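Have the viewer open and follow along.

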Number of protein chains: 2
Amino acid sequence: MNQKAAKSGNVGPRHRSDAERSIEAILDATLKGILAGDDVKMAVVARAAGVSRVTLYSHFPTREALLEASVDRAIAHAKDLVSELNLDQGPAPEALSRLLGSHWQTLDRYRSLYLVAASSLPPERLRALHTPLFGRIKTLIARGQADGDFRTDLSRDWLVATVFGLMHQAAEEVAAQRLPVRKAGDVVTTTVLSVFICA
Amino acid sequence: MNQKAAKSGNVGPRHRSDAERSIEAILDATLKGILAGDDVKMAVVARAAGVSRVTLYSHFPTREALLEASVDRAIAHAKDLVSELNLDQGPAPEALSRLLGSHWQTLDRYRSLYLVAASSLPPERLRALHTPLFGRIKTLIARGQADGDFRTDLSRDWLVATVFGLMHQAAEEVAAQRLPVRKAGDVVTTTVLSVFICA
């Protein structure tokens, strides 16, 4: 729609890229604040992003909308990282280990964002935002099941859910200082592989 | 403190039991509303419980306080049910299966309460409310490890966390209609036993 408008000349490219820059600055400021442990407040975010409150509200009418967009961008980033892992290569259990180790690092980077989002957004919304990532995991599970590497007595949907549940449980354990962050990747990998392989 | 006050005659037994009855009616009305899928609103809860809004706010100053008390009561109920399971009897894997099957039913009963609480209370608060239950699970895990039935390469804290994480992930899968409720108990038991037994 935006591209069409740009082509028809109604919205100039300069104008559009101003809006994009504002959104980028707003999301950067939001993430920076969350990683620093600040509460997300619209006025504070606007100031930190160097935009007016009118501009902020025009892009993100509510705090929830701002958090959703932040999670969405983090997941797009995670998806790019997952693409680099070439999950379709090598035995499925090895590819899964690569995914869990690497995704843990991404998750650890965004841990505070996740915790803020989990306390502000409904679980089903949080899960829906993760859908783009789940497709990759599901394809990998299907390959592992076809190769006889992964169990088939539990559904693919449930296996995807265990990955999601155990990853995020680990993030909470790290946040609560019951699990050292340097061990978290290995612990999650060991746990998920036990579920996937031991029938 | 209340008992002391009662003994000194400042607060009569009749007065105290009025307050207890109000609290009971308020928590009953809250749970009933949540199980019926209603949003938790203070005015609605007061009306359904047959108490004034002043009485409601005197016991629960905020919606969060009301939700916390509701979760707290549900967990006390779950703890009573767990006591009846005699987890110290029989092989640890069998006791764990009894716990998971039975606790699933309790969790299923309180599923909507959990989902409302999870979207309104911080994860660490929700976890703290579960502490009384976790003690029982931890004792059972210690026994299973000592008997050589459960793995010892993952910490007890993490094994408790996996039970919690997988149970609640299952509750969300059921709520999202990706997992049939009649299968959930077996699926959770199979998954948790895989984590606990396959090293």
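How many aromatic pairs are there over all chains? The count comes to 4, over all chains, where rings of Phe, Tyr and Trp (its six-membered ring) pair if their centres lie within 6.5 Å. A pair like this is described by the distance of the centres and the angle of the planes. One of them joins A:Phe134 and A:Phe164, with 5.3 Å centre to centre and 85° between the planes, and is edge-to-face (planes under 30 degrees apart count as stacked, over 60 as edge-to-face and the rest as tilted). This pair links distant parts of the chain: A:Phe134 sits in helix α9 (residues 131-146) of chain A and A:Phe164 in helix α10 (residues 156-175) of chain A, 30 residues apart.

Some ground rules. This is a predicted model, in which local features need pLDDT of at least 70, side-chain atom pairs count only at pLDDT 80 or more, and totals for chains, interfaces and linings use all residues. Residues are numbered from 1 along each chain as its sequence is written, chains are lettered from A and ligands numbered from 1 in the order in which they are written, and side-chain values use heavy atoms, with hydrogens and water left out.

Now the overall build. Chain A has 11 helices and 0 strands, taken as DSSP runs (helices are H or I, at least four residues; strands are E, at least two) numbered from the N terminus. The C-alpha atoms of chain A fill a box of roughly 55 × 45 × 25 Å along the principal axes.

How do the two chains relate? Chain A can be laid on chain B with an RMSD of 0.0 Å, by a turn of 180° and a shift of 0.0 Å along the axis, so the relation is that of a two-fold axis. The superposition is by least squares on the C-alpha atoms of residues with pLDDT of at least 70 in both copies. The same surface serves both copies, as 100% of the contact residues of chain A recur in chain B; contact means heavy atoms within 4.5 Å.

Next, the helix packing. Axes are lines fitted to C-alpha atoms, for helices over the stretch in contact, and angles run from 0 to 180 degrees between N-to-C directions.

| Helix pair | Angle | Axis distance |
|---|---|---|
| α11(A) and α11(B) | roughly 125° | within 8 Å |
| α6(A) and α11(A) | about 145° | 9 Å |
| α6(B) and α10(B) | about 50° | 11 Å |

Between the chains, α11(A) is oblique to α11(B) because of that angle (under 35 degrees is roughly parallel, over 145 roughly antiparallel, 65 to 115 roughly perpendicular and the rest oblique). Their crossing is right-handed, meaning that the near helix is turned clockwise from the far one by less than a right angle. A:Thr191, A:Ser194 and A:Val195 meet B:Thr191, B:Ser194 and B:Val195 here.

Inside chain A, α6(A) passes α11(A) in a right-handed crossing. The residues that meet include A:Trp104 and A:Asp108 in α6(A) and A:Phe196 in α11(A). This contact has 11 nonpolar, 4 polar and 1 charged residues.

Technical notes:
Ala, Val, Leu, Ile, Met, Phe, Trp, Tyr, Cys and Pro count as nonpolar, Asp, Glu, Lys and Arg as charged, and the others, Gly among them, as polar.
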